[in-house]
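This report describes the overall build of a protein chain, the surroundings of its ligand and the contact between its domains. The sequence and structure are shown first.

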Amino acid sequence: MWRFDGYPGRYLDVCLSSGSLKEIQLDKQTLLNNMGGKGLATHLLTTRDTTDDEAYDLQHPITGDADPAMHPSTPLLLMTGPFQGSKIGSSGRAVVCTRSPLTNIFIDTYIGGDFGHDLRLAGWDGLFIHGRSDSMVRLEIEDMDVSLQDAESMRGMTTWQCEKAIDADDVFSIGPAGESLVRIASPITAGRRAAGRGGTGASFGAKNLKAISVSNTGTARVADDTQYLGAVKKQRQKMGENRRVGDPFYRFGTSRGPIYAAQMARMPTINYTSATGAIFQNGQKVKQLNTVKLSGEYWHQSMPEAKQSGCCRPCPIACEASHRPSKGKPLHILRTERPEYETLAMLGSNLGIDSSLDVMDGNDACNQFGVDTISSGALISLVCELAQRGWFPDGWAEGEINGLPAFISLEGELIAWEFGNPKLPPLALARLANPSGMFTILAGGAVASSRWVEQETGHPATRLTAHCKGLDLPAWDPRGKRGNAMAYMTCNVGANHMRAGYKNPTGIPDSSALDLMPELIHSQNESVIRDSMILCAFASGATPDDVLVNAFNGITGDNASIEDLHLRANKQWDAARQWNVEHWLKIGVEPRQQDLLSYRLRRDALPDGPAAGMVSFVDDADESACLSEYYNLRGWAHSS
Ligand code: SF4
């Protein structure tokens with residue numbers, strides 16, 4: 001079934017307008033040049049973009065901007081890489097790549113679980129989906145047998161209901177939020193693994209695509225077993241060693257984040273008005289959240305029966321934890337999964353909530369309705385701050401509690417838009433998934449909503465959002481770390497924390513990050529290689545360059561060096577940038593301006609902690625110098 005060593009050698013072209021399903025074969029050199037995963041998705045998206053010119057006539061319902069992301073002709077890609085179908089640890093991944101409904105620029109966002117392995121073993125490098133079905137459908141893949149099935153009866157189902165309704169190895173589906181074109185909607189697999197960022201659930205919804213399911217009986221074909229299995233062995237040994245020496249990540253995953261993020265002034269608190277868990281009112285500290293209670297350690301103390309688990313096979317790290325009464329597929333019992341750091345921060349401290357147990361309800365709501373936890377936290381915290389400031393537009397409030405505007409939950413309860421209320425996130429998200437009233441505006445996400453409020457009320461609501469290029473900040477505050485702002489600003493998707501990293505601590509932004517620019521570019525290219533293979537970011541430390549290269553060459557039969565892979569990655573980074581620049585020029589905006597962080601991160605200094613008084617750069621001149629240096633090193637024009 002596989003045409004080449006390491007690659008099935010084909011993708012499935014799905015035209016939802018006509019219902020046609022076509023196998024498109026790829027030649028081996030194209031596959032090697034683009035590696036797979038993100039690289040292949042970027043190549044196909046930028047060279048085979050099916051978007052019509054009329055797509056730019058489509059207007060965003062909240063901002064009125066051009067909205068090509070939601071045009072039926074815009075392609076939606078789901079790709080796997082050479083590590084899927086293999087025994088490389090932490091490789092249960094797949095990438096969704098498209099024009100983001102949230103930002104209208106390039107987005108690539110990753111799911112865990114088994115879907116990626118199973119799609120590849122079914123014989124497909126990936127899927128290229130375009131057009132729009134007249135009625136709700138789902139795509140069924142059983143090895144090389146592919147079909148579109150009627151899914152009208154699944155309309156309105158949550159992702160958990162979809163997974164129960166479809167009999168397949170894996171299901172990747174949207175909930176009501178994606179159907180309602182909520183711009184922060186996420187498709188979900190395995191009950192809780194989300195293609196979280198950029199609102200790609202709305203891309204599914206815009207195409208009337210409810211779900212993709214896959215079952216397989218296939219096996220992978222590799223070039224050199226000895227070389228490949230040698231790499232697997234080395235990686236496993238390193239992972240075993242890390243576990244033996246007590247690497248806390250292997251016990252708590254990202255959920256330890258709240259403890260050190262707050263100490264380092266990185267943890268969003270009350271809509272990014274501080275980064276330490278401290279709550280301020282009129283410049284005075286009035287409360288300190290207990291960020292330890294937000295951590296995974298606290299969660300485990302509270303749920304002693306919970307066990308560590310892994311849901312992306314094969315993964316010796318197994319960074320998840322849950323309390324499940326039986327093995328096998330998740331049972332979707334409420335309050336069982338340990339939330340990730342980003343969720344603990346965005347649905348916790350950023351909303352004034354300081355218990356990891358309370359955060360689980362918001363997390364579960366996101367997974368069921370199919371919404372991104374990060375952008376949900378950004379949206380709800382924005383509305384709470386608007387309420388606190390008295391900047392609510394006329395007609396938004398459905399009631400009032402203690403002088404604060406409120407909404408009516410689906411159960412008929414009046415809920416105040418206030419920080420510190422654990423009931424608020426799950427009940428607000430239930431309304432958001434089926435939007436009516438003010439929620440029809442909130443469906444645009446935090447940035448679009450802030451623009452609408454500013455327009456309606458005259459209050460500068462856009463100053464309250466924390467984002468880059470329209471993508472909500474992923475719970476790591478750049479005002480607490482030198483060089484972090486540039487990582488967000490130069491990332492093709494906007495504010496993403498997984499596309500760059502500095503090897504050593506960089507300090508706080510009281511001095512320029514100019515010297516870090518070569519390392520930033522190198523690490524971005526590393527992330528492209530990792531995301532093209534596709535390897536989980538958390539396995540990077542246990543997968544040094546020699547292991548990665550031997551795994552890639554052993555699987556595919558290539559003879560690439562790490563330098564060769566960096567050259568290929570560099571081209572992909574540039575291609576995605578060029579695609580974004582073409583979009584910005586089409587809509588008449590200045591690319592360099594688009595790279596800047598939002599007002600709150602550039603102008604509102606942190607009130608306390610080790611970075612007290614700081615914003616994301618030393619000053620505007622420093623910001624400009626860092627951007628110019630980065631553009632120079634990338635070989636980009638200064639205006640782009
Ligand atoms: S480290 Fe965690 S997220 Fe990464 S592959 Fe393993 S289980 Fe999945």
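## Ligand surroundings

In this predicted model, the shell around the ligand consists of eight nonpolar, four polar and one charged residues. Of these 13 residues, the ones that come nearest to the ligand are Ser 90, Cys 312, Cys 315, Cys 319 and Cys 536.

## Overall fold

The protein chain contains 23 helices and 21 strands. Its C-alpha atoms occupy a box of roughly 65 × 55 × 55 Å along the principal axes.

Buried residues account for 57% of the 640 residues. Among contacts in the protein chain with a separation of 6 or more, 70% join residues 24 or more positions apart.

## Domains and their contact

Two domains are assigned: domain 1 spans 10–215 and domain 2 spans 481–634. Their C-alpha centres are 25 Å apart. Across the contact between them, 36 residues of domain 1 meet 28 residues of domain 2.

On the side of domain 1 that touches domain 2, two or more residues each come from helix H1 (28–34), helix H2 (37–47), strand E4 (94–99) and strand E5 (106–111). H2 provides the largest share of this side, with five residues. By class, this side of domain 1 comprises 13 nonpolar, 18 polar and five charged residues.

Methods:
Residues numbered from 1 in each chain as written. Predicted model: local features only at pLDDT ≥ 70, side-chain atom pairs only at ≥ 80, totals over all residues. Helix = DSSP H or I, 4+ residues; strand = E, 2+ residues; numbered from the N terminus. Buried ≥ 20, exposed ≤ 12 C-beta atoms within 10 Å, placed from the backbone. Contact = placed C-beta atoms within 7 Å. Near = placed C-beta within 6 Å. Nonpolar A, V, L, I, M, F, W, Y, C, P; charged D, E, K, R; others polar. Domains from an automatic or database assignment.
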